[in-house]
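Q: Before going through the features one by one, could we look at the model and agree on how to read it?

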Amino acid sequence: MNEKTVITARDLKKYYTVKEGMFFKTSATLKALDGASFTITAGKTFSVVGESGCGKSTLARLITMIERPTSGDFEVDGINAVTSGLHAMKALREKVQIVFQDPYGSLNPRKKVGSILEEPLKINTDLTKVQRREKSLAMMEKVGLSPEHYARYPHMFSGGQRQRIAVARALMLNPALVVADEPVSALDVSVQAQALNLLMDLQDEMNLAYLFISHDLSVVRLISDEVMVMYLGRPVEQGEKNTIFDNPLHPYTMALLAATPHVDKNARKDRIRLSGEIPSPLNPPPGCTFHQRCAHMTDICKESAPELRLVADRMVSCHHAEKFC
Amino acid sequence: MSETTAITQGNAAPPHPLKEFWKYFSENKGAVIGLYFIIFAIIVAVFANILAPYSPFEQYRDAILQPPIWMHGGSSKFFLGTDDVGRDILSRLIYGSRLSLFVGVIVVTISLAAGMILGVTSGYLGGYYEVIVMRAMDIILALPSLLLALAIVAILGPSLKNAIIAIAIVVLPHYVRLTRASVMAEKSKDYVTASKVCGSGPFRMMFAVLLPNCMAPLIVQATLGFSNAILDAAALGFLGMGAQPPTPEWGAMLANALQFIQRAWWVVTFPGLAILLTVLAFNLAGDGLRDALDPKMKR
């Protein structure tokens with residue numbers, strides 16, 4: 001398989017300005033994403049994990065060019081997506097597509113499946129009507145829909161089938177990278193496996209790179225090659241899947257992994273209970289953002305924020321990472 | 001739309017949308033009666049020259065203020081009697097339906113089209129453009145509608161055409177607000193973002209993606225607005241600012257006959273009844289339409 005780099009992101013940041021108060025408005029900066037760097041090669045899956053509000057979906061919105069980053073940049077197929085002009089952006093749009101979490105909201109209820117699938121072609125290519133129809137029928141077959149579904153409306157489908165339509169739409173333009181924003185978490189567990197298998201089959205067939213966003217660690221373990229764990233807008237641990245799952249070095253990753261349910265009694269780890277709530281990203285704690293909930297906290301954690309550094313084959317941002325090796 | 005159809009997906013072909021619509025619409029008896037009356041009114045308006053026994057302008061000087069056929073002194077010549085200059089009231093009502101429906105159609109078309117464009121653009125683009133458009137609509141809403149219509153007609157000069165323009169301006173804010181509200185609700189949905197990721201431009205987003213999903217409340221508002229337009233046109237006609245005599249417009253007919261209300265009730269009653277029934281029919285049908293199109297009312 002070809003080892004071409006599809007996307008390189010460098011220190012991506014997204015800050016929002018929020019107004020607070022009813023009458024005397026003060027503005028505060030919300031650091032939704034505070035420095036994420038990664039590369040994904042063709043045919044590989046890069047997973048982003050973390051609890052709600054940690055910046056996973058913000059990352060998805062930046063990579064799909066729905067929003068522009070506050071600072072940092074990323075390259076898709078060697079073209080810089082932040083600094084290049086409108087014309088190059090249009091070409092890049094075709095290369096990055098997205099599959100959303102909620103298959104009920106992501107399909108236009110007034111359009112038939114056929115015209116939903118053909119919309120990307122209509123905008124970006126000059127294929128004729130017949131060619132577009134052929135292409136979308138071929139894609140429907142690929143994702144396991146039958147030709148008679150072509151003229152139906154989205155509300156006639158089940159959640160799993162809708163997600164197949166959403167996947168088909170994302171693949172219509174032959175993208176290099178598909179951002180999957182929790183693509184299976186809205187589906188029944190029985191359907192989740194089908195959807196994941198479909199995604200993996202398509203990855204092999206079309207040599208796709210996935211940016212897979214999830215909070216379900218068992219799903220992530222199944223499909224990823226690399227994992228990035230995020231907490232409060234920052235990556236806390238990042239590396240090969242097995243390195244991280246077998247021997248996590250950040251206390252937050254440890255807590256996440258310990259919280260994954262297991263059927264096998266012996267595989268269960270001792271629960272690590274995190275005390276307290278996730279802090280507000282409007283007012284993050286000083287020093288290490290995780291120190292208030294961390295069992296291994298020492299004085300240095302309160303004072304200085306740990307940098308991401310290389311420890312035992314992965315990037316981790318913890319002052320005490322060596323202790324856990 | 002409903003969860004039940006999602007479960008039966010696959011083999012069973014779903015009912016045609018129009019068939020499904022009719023099923024829900026026909027549950028409301030009032031709406032069906034309203035719809036029948038509207039169809040009746042349209043037929044009367046279209047075939048007015050065949051149905052009307054006389055010309056609406058012809059004056060029969062030997063039969064001034066003749067009562068309807070079933071009253072003492074009525075004749076079979078004039079079914080609903082005659083007015084103060086001897087014109088056949090039935091013929092005038094039949095021709096008047098043309099004007100009323102015409103007013104409704106034109107007012108709704110103008111205000112719906114302008115309202116949709118202003119609403120979609122202001123909801124989608126936002127910023128200063130939205131502020132300007134919405135404050136302008138608030139100003140129109142802040143004035144009593146009939147007073148504003150009167151003022152506009154007074155500036156443009158009294159005629160049916162100017163009355164139509166005035167009414168269209170007065171009802172415009174309802175369409176703008178309604179469209180903007182639905183656009184803002186739809187804008188945050190994932191399918192809109194997906195379309196953006198595919199590269200849709202703003203024009204396509206507004207009119208091909210967002211607008212079709214905002215139509216249901218607009219259709220209902222348009223139906224109800226139809227009756228409002230007829231009523232407002234009649235009110236302007238009554239005040240002498242709409243259709244000018246001898247045009248057989250229902251509101252103007254009421255106004256001209258006001259002085260005979262003691263002596264000859266039929267001159268006033270029949271145009272009034274015609275307005276009442278038409279407005280009622282449109283309101284009932286609009287109500288049924290709202291219920292039929294609202295997914296929350298479906299079982």
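Predicted model: local features only at pLDDT ≥ 70, side-chain atom pairs only at ≥ 80, totals over all residues.

Q: What are the spans of the C-alpha trace of chain A along its principal axes?
A: They are about 70 × 55 × 45 Å for chain A. For chain B the corresponding spans are about 75 × 50 × 30 Å.

Q: What radius of gyration would a compact globule with the 325 residues of chain A have?
A: The value would be near 20 Å, and chain A has 21 Å, so the two agree.

Q: How is a pair of packed helices described?
A: Two numbers are used: the angle between the axes and the distance between them. Take helix α5 (residues 89–125) and helix α10 (residues 202–213) of chain B: the angle is about 115° and the axes are 11 Å apart. Angles of 65 to 115 degrees count as roughly perpendicular, so α5(B) is roughly perpendicular to α10(B). Their crossing is right-handed.

Q: Which residues make the contact of α5(B) with α10(B)?
A: From α5(B) come M116(B), V120(B), T121(B) and Y124(B). From α10(B) come P202(B), M205(B), M206(B), F207(B), L210(B) and L211(B). By class, this contact has 9 nonpolar residues, 1 polar residue and no charged ones.

Q: At what angle do α5(B) and helix α6 (residues 127–142) of chain B pack?
A: The angle is about 140°, and the axes of α5(B) and α6(B) are 7 Å apart. The pair is therefore classed as oblique. The crossing of α5(B) and α6(B) is left-handed.

Q: Which residues of α5(B) and α6(B) meet?
A: L118(B), S122(B) and L125(B) belong to α5(B), and their partners in α6(B) are G127(B), Y129(B), E130(B), V133(B) and M134(B). Sorted by class, the contact of α5(B) with α6(B) gives 5 nonpolar, 2 polar and 1 charged.

Q: How do α7(B) and helix α11 (residues 215–238) of chain B cross?
A: Their axes come within 11 Å and cross at roughly 60°. That makes α7(B) and α11(B) oblique to each other, and the crossing is right-handed. L146(B), A149(B) and V153(B) of α7(B) meet D232(B), A235(B) and L236(B) of α11(B). The contact of α7(B) with α11(B) has 5 nonpolar residues, no polar ones and 1 charged residue.

Q: How is the size of an interface given, and how many residues of chain A are in contact with chain B?
A: Often the size is stated as the accessible area lost when the parts come together. Here a residue count is used instead: 24 residues of chain A are in contact with 19 residues of chain B.

Q: Which elements of chain A each supply at least two residues of the side that touches chain B?
A: They are α2 (86–95), β6 (96–99), α3 (113–124) and α5 (159–171) of chain A. The largest share, 4 residues, comes from α3(A). By class, this side of chain A has 9 nonpolar, 9 polar and 6 charged residues.

Note on methods
Residues numbered from 1 in each chain as written. Chains lettered and ligands numbered in written order. Axes fitted to C-alpha atoms, helices over the stretch in contact; angles between N-to-C directions. Parallel < 35°, antiparallel > 145°, perpendicular 65-115°, else oblique. Left-handed = near helix turned anticlockwise from the far one by under 90°. Contact = placed C-beta atoms within 7 Å. Nonpolar A, V, L, I, M, F, W, Y, C, P; charged D, E, K, R; others polar. Rg over C-alpha atoms; globule rule 2.2 N^0.38 Å.
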